[in-house]
Amino acid sequence: MNKVHTEIVSTLAELYPNAKAPLRHRSVFELLLAVILSAQCTDARVNTITPLLFPAERACEPADILALGEDKVRAIIRPCGYFNQKTKAIVGVAKATLKTGIVPSDFDALRALPGVGPKTAQVIQSQWFKIPAFPVDTHIHRVLNRLGIAHSGKNRDKTGREAKAVIDKKYWIDLHLQLIFFGRQTCTARKPKCGQCPLAHICKWPDKKKFI
Ligand code: SF4
C-alpha cells in the first residue's frame, strides 16, 4: 500500500471504528435472506420487512420459511421489489439449506444456492465468516473511482480487482463497510460533502471543486 492508500484506510477507520453490517440479523441464514432482499432495495426497508418474515423469539430457520410457503413469503417481501425473483431465491435457499443443515462459507458453494450471485456470496463470506472478501456495491464503486483507487468506468468487477490489488487483504472486511457508510453519508452520489470531507486533499475527482 502506498502513502495515499494508507491514509484512506486509516481515515475511514477513524471515522467508522465500529462499522457493523447494516442489515439486522441473528444468524447467517437470516443474513443471507436479508442480503437477497437488499438487491435494489434500501437496507432500512429490508430491516422493516425481515421482522415480518422471521420469528420474533428466535433466529429464523429454513423450516420457518418453508412453513410460510411461497405465497406468504411473496406477500411479506413485496415492498422490497423484485418480489417474484426474491421469493424464488428465498424459498430455494430454505430448501437447499434444510437439506444440508448449513449455510456454507465456501464461495462456490454459496454461489450454488438459488439467487446467490458473486456479490451476495462475498458479503456472507466477509460479514459473517470473516473471510477476506471485497464485494463492491454502488457506493463503494463510486467512492473508489472518485478517490482514484479505481479507474473502472461502470465496471464494478474491475473496481473490486483494482482495489484488491493495492489494499492489503487484512483491511478488506472493515473497509468494505466503512466505504459503504462513507458513500452514504459524505461521498453521496448527487451532493457529496466535499467541503467537509477528510479525504478531499487526496481525492482525484475533478468535479469535487463544485461541491467545496
Ligand atoms: S472530496 Fe468529495 S468526491 Fe472526493 S471523496 Fe470526498 S466527498 Fe467524495
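**Contact between domain 1 and domain 2**

The centres of domain 1 and domain 2, taken over C-alpha atoms, lie 28 Å apart. Domain 1 brings 9 residues to the contact, and domain 2 brings 6 residues. The model is predicted. The two domains bury about 600 Å² between them.

**Domain layout**
- The domain assignment builds domain 1 from two stretches of the protein chain, 3–19 and 134–211.
- Domain 2 covers 28–127 in that assignment.

**Buried area**
- Carbon and sulfur atoms carry 54% of the area buried between domain 1 and domain 2.
- On the side of domain 1, Pro-135, Ile-173 and Arg-184 lose the most area to domain 2.
- Together, Pro-135, Ile-173 and Arg-184 make up 56% of what the domain 1 side buries.

**Polar and charged links**
- The count between domain 1 and domain 2 is 1 salt bridge.
- Asp-43 forms a salt bridge with Arg-184. Their closest N and O atoms are 2.5 Å apart.
- Asp-43 falls within the 28–127 range of domain 2, and Arg-184 falls within the 134–211 stretch of domain 1.
- Polar contact between the domains comes to 2 residue pairs, with both residues at pLDDT 80 or more.

**Make-up of the domain 1 side**
- Helix H10, residues 172–185, gives the most to the side of domain 1 that touches domain 2. Its share is 4 residues.
- By class, the side of domain 1 that touches domain 2 has 5 nonpolar residues, 1 polar residue and 3 charged residues.

Technical notes:
Residues are numbered from 1 along each chain as its sequence is written. This is a predicted model: local features need pLDDT of at least 70, side-chain atom pairs count only at pLDDT 80 or more; totals for chains, interfaces and linings use all residues. Side-chain values use heavy atoms; hydrogens and water are left out. Domain bounds come from an automatic or database domain assignment. Contact means heavy atoms within 4.5 Å. Buried area is the accessible area (1.4 Å probe) that two parts lose on being put together, summed over both. A salt bridge is a side-chain nitrogen of Lys or Arg within 4 Å of a carboxyl oxygen of Asp or Glu. A polar contact is a pair of N or O atoms within 3.5 Å; within protein, one must be able to donate a hydrogen and the other to accept it, and residues adjacent in sequence count only if both atoms are side-chain atoms. Helices (H or I, at least four residues) and strands (E, at least two) are DSSP runs, numbered from the N terminus. Ala, Val, Leu, Ile, Met, Phe, Trp, Tyr, Cys and Pro count as nonpolar, Asp, Glu, Lys and Arg as charged, and the others, Gly among them, as polar.
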